[in-house]
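Dear colleague,

My notes on what was found in it follow directly after.

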Amino acid sequence: MRVAILGAGLTGLLTARELGASGCSVTVFEKARACGGRMTTKHGPCGPLDFGAQYFTARTGEFRQLVDEWEAAGIVAKWRFTPCKLRDGRLRASPDETVRFVGIGGMGTIMDALAQGIDLRCSHRASALRHGQDGWRIDWSRGGCEDRFDVVILTLPLEQVHKLADSAWLGRFGLPPRIHVPCHAVGIATGGAVDTAIQGIFGDDEVSWVSRQSAKPGCHPPSGADDAWMLHFSPAWTARAGRTPDLDLAQRARDWLRRATGASLQVTASQSHYWAYANLAPERQCHGPFVDPGAGLAIAGAWCAGGRVEGAFLSARTTSAALKAGREICS
């Protein structure tokens with residue numbers, strides 16, 4: 001049984017491993033140059049930066065078992081800190097009992113480990129998905145095609161699914177056209193002393209979250225800097241700001257961090273990324289995954305299971321089980 005998975009984020013890679021262990025021939029296609037999705041760690045002038053997921057929690061027994069295996073293998077570690085909250089313009093400790101996990105050296109460590117042994121083909125952007133009597137065919141934007149897949153699994157943001165899948169298929173599932181809101185993510189390397197207790201900040205209407213990336217297990221500040229930070233601007237602020245080329249996000253990030261911490265900071269390097277499909281809009285949530293075993297089509301991802309990292313795991317597990325139950329794809 002030939003299976004194609006579009007999207008090499010956490011849902012895609014976990015589903016590939018599940019179905020591969022059942023005897024399927026699985027190929028994962030990814031439009032980017034590397035796997036990871038929102039758990040990609042980028043290395044550059046600011047050191048290792050997690051632009052997407054900053055940490056994750058494990059609330060179900062199944063996922064906690066997997067995380068325990070990752071922890072034993074030296075892939076993840078607990079990130080122990082007391083978060084801060086910006087209230088009335090002042091930074092205050094906001095302790096909680098949440099156990100937070102991160103990939104050691106960055107979230108990409110997890111994705112690299114999961115990709116081992118998988119037939120992963122990066123830099124493959126699909127332009128069309130077609131279903132015929134002999135299975136599924138995928139056309140690529142750079143030309144050429146892949147055909148005769150028995151099962152196709154789309155682990156893309158819903159908005160990208162709409163660009164590929166026929167509306168008749170999507171109509172069966174009653175999927176809305178859009179469920180995500182955007183986010184400007186900005187990493188800055190800084191010089192200047194900041195209280196070591198400040199590692200994670202729940203922000204305000206402008207910046208919703210800040211991580212002291214250099215304080216995460218296995219991470220470090222880049223040469224010539226004291227710290228590296230990741231700031232996620234809020235969906236509302238991002239939507240208002242848009243993607244204008246003259247938007248100086250590094251300066252805004254520095255100014256916000258200065259106000260919040262009271263520290264005199266200088267930016268030595270910066271990197272930014274625009275997430276068009278970052279977080280779920282509260283009023284647009286979907287509950288899936290959406291699987292048609294007879295047609296060999298599945299649509300899955302963290303977005304249809306709450307949006308968290310654990311949601312990606314649950315979506316992969318449910319998708320694999322539904323396909324295995326509906327088709328003779330086990331060895």
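A charge is counted as sitting over a ring if NZ of Lys or CZ of Arg is within 6 Å of the ring centre and within 35 degrees of the ring normal. In this predicted model, R100 meets that description, lying over the face of Y55 at 5.0 Å from the ring centre. The charged end of K42 likewise sits over the ring of F51, 5.3 Å from its centre.

Y55 also takes part in a cluster, in which ring pairs link it with W79, F81, F202 and W209. The structure holds 14 aromatic pairs. One of them joins W79 and F81, whose ring centres are 4.2 Å apart with the planes at 45°, so this pair is tilted. W79 and F81 are both buried.

A further pair is formed by F173 and F290: the centres of their rings are 5.7 Å apart and the planes stand at 45°, so this pair is tilted. Because F173 belongs to helix α5 (residues 167-173) and F290 to strand β19 (residues 290-292), the pair ties together parts that are 117 residues apart in sequence. Both F173 and F290 are buried.

I turn now to a sheet. Three strands form an open sheet in the order β10-β11-β12, with antiparallel pairing. Its edge strands, β10 (126-132) and β12 (145-149), each pair on one side only. On average, neighbouring strands of this sheet are turned by 15° against each other, direction ignored. Four bridges connect β11 (residues 135-140) with β12 in the antiparallel sense, and D139 stands opposite C145 in β12.

Yours sincerely

Technical notes
Residues numbered from 1 in each chain as written. Predicted model: local features only at pLDDT ≥ 70, side-chain atom pairs only at ≥ 80, totals over all residues. Heavy atoms only, no water. Pairing = 2+ DSSP bridges. Helix = DSSP H or I, 4+ residues; strand = E, 2+ residues; numbered from the N terminus. Axes fitted to C-alpha atoms, helices over the stretch in contact; angles between N-to-C directions. Phe/Tyr/Trp six-rings, centres within 6.5 Å; stacked < 30°, edge-to-face > 60°. Buried < 20%, exposed > 50% of the residue type's maximum accessible area, 1.4 Å probe, protein only.
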